[in-house]
There are 2 protein chains.
Amino acid sequence: MIKAVFFDLDNTLYDNSLQVRVAREKALKAMIDSGLPSDIESARKKLSEIVGDKGSNYQNHFNELVKALCPENNIKIVAAGVVAYHDAKKDHLIPYSDAIHTLLNLRERGYQLGIITNGVPVKQWEKIIRLGLKDFFHTVVIAENPGDYKPNTRPYITASSDIDIRVEESLMVGDRLETDILGAKTAGMKTAHLLRPIKTERTNGKTPEADYRISCLNDLLRIL
Amino acid sequence: MIKAVFFDLDNTLYDNSLQVRVAREKALKAMIDSGLPSDIESARKKLSEIVGDKGSNYQNHFNELVKALCPENNIKIVAAGVVAYHDAKKDHLIPYSDAIHTLLNLRERGYQLGIITNGVPVKQWEKIIRLGLKDFFHTVVIAENPGDYKPNTRPYITASSDIDIRVEESLMVGDRLETDILGAKTAGMKTAHLLRPIKTERTNGKTPEADYRISCLNDLLRIL
């Protein structure tokens, strides 16, 4: 019997991809307004090359972009991009439209709720607070060291023991097969793979199937 | 003849001290609301000890505070403080009420304007942009390496040469004798020491007198 539902955070409870996409677009416009000698198309193309090249966690995408497109590296243009990027990211940090409804319903029905996520603890908590979700969960487990990241089973086991249930008594909900679902299955949880209609996920044949496939968080209310 | 007026940024064009004070207070309240086991008075006292001890540029004041007051270091409480702090800092990043009026008037009267400041370039530019001041200045010089910080004369010489004037043709306006005024005098500029009524600055006898002492930015319109 399922007693607890655990959720991944990024792209499961809110749309991180949309947030980043909008924020990059606003940053490009702000940089062009501040003198970046480029049209939006070329700037977008160059930025996506840089992101592809340096990885999305690299801290200096805009510096690289300005360096590539400006004869003299103009820090004012970089700062214009940074300001627009952060403002847009914050404006778009909102839960998926069905998240609150689903969480409230699950709590009313007596389920314990948790978050299991990878990342820098204070950053992940900042998101949870800004999303307005901080009071919904009985436990939040943030795997801080890359060695403990999902699909490592440690965060799943910690989350279950935090709320005094056995791992088999819980359902893990996440958007990524190779981390969220794989780790949860290995730990012994039931799993629900959130695959929103606009997204596709390529699998490499080695990733497991989830017990359930859902296309929105509300679907959980039907499964449980 | 004075052709250009240079300004320090922090505490000269906006009230950085107030901003930090309000932001810390809001952060303390948010942390107590999130479960920090302390009253506001004790938390304020402890935080000010930590700031005194670690310096104001230390990045983990709230971590230390929570560690000191909570039996178990609770990252959720730290994050609540960080969110409130950043939001309050941004809300209070506004120019002194007479800044825009003074800058506009000086420009109309034909003066070239500049900023000479110490710090991380992209961070200082972020402030200038958020303050709404990015279009007022003919040059912005940010001393990035501590070795070049004011009172080193290098940033003053760079600023003057950027706008093709001799250093003697400029007036430097700043709130700190031992950096803003000392460096400007050494470089050969005229100087105006901004000493707002609510502030006092202790001098150690080695700092110079400025050519002018002003109590608000508007006073510049009288001097020039």
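Modeller: Let's start with A:Asp135, which is exposed, with a relative accessible area of 55%. Here buried means under 20% relative accessible area, exposed means over 50%, and partly exposed is in between (1.4 Å probe, protein chains only). Before we go on: this is a predicted model, so local features need pLDDT of at least 70 and side-chain atom pairs count only at pLDDT 80 or more, while totals for chains, interfaces and linings use all residues. Residues are numbered from 1 along each chain as its sequence is written, chains are lettered from A and ligands numbered from 1 in the order in which they are written, and side-chain values use heavy atoms, leaving out hydrogens and water.

A:Asp135 forms a salt bridge with A:Lys134, their closest N and O atoms being 3.6 Å apart. (A salt bridge is a side-chain nitrogen of Lys or Arg within 4 Å of a carboxyl oxygen of Asp or Glu.) A:Lys134 itself is partly exposed, at 24%. The whole structure holds 36 salt bridges over all chains.

Over in chain B, B:Glu25 and B:Arg44 also form one, with 2.6 Å between the closest N and O atoms. B:Glu25 lies in helix H1 (residues 16–33) and B:Arg44 in helix H2 (residues 40–54) of chain B, so this pair ties together parts 19 residues apart in sequence. Helices (H or I, at least four residues) and strands (E, at least two) are DSSP runs, numbered from the N terminus. Both partners are partly exposed: B:Glu25 has 21% and B:Arg44 has 32%.

Some pairs link the two chains. The side chains of A:Asp87 and B:Lys90 meet in a salt bridge at 2.7 Å, N to O. That one runs from helix H4 (residues 75–91) of chain A to helix H4 (residues 75–91) of chain B. A:Asp87 is partly exposed, at 24%, and so is B:Lys90, at 30%. Another salt bridge joins B:Asp87 and A:Arg130, at 3.0 Å, N to O.

Now zoom out to the interface itself. The contact (heavy atoms within 4.5 Å) takes 19 residues from chain B and 19 residues from chain A. Together the chains bury about 1700 Å², 70% of it on carbon and sulfur atoms. That buried area is the accessible area (1.4 Å probe) that two parts lose on being put together, summed over both. In chain B, B:Lys76, B:Val83 and B:Trp125 lose the most area to chain A, together 28% of what that side buries.

How do the copies relate? The same surface serves both copies: 100% of the contact residues of chain B recur in chain A.

One last stop, back in chain A: A:Lys3, A:Arg166, A:Glu168 and A:Glu169 are linked in a network of salt bridges.
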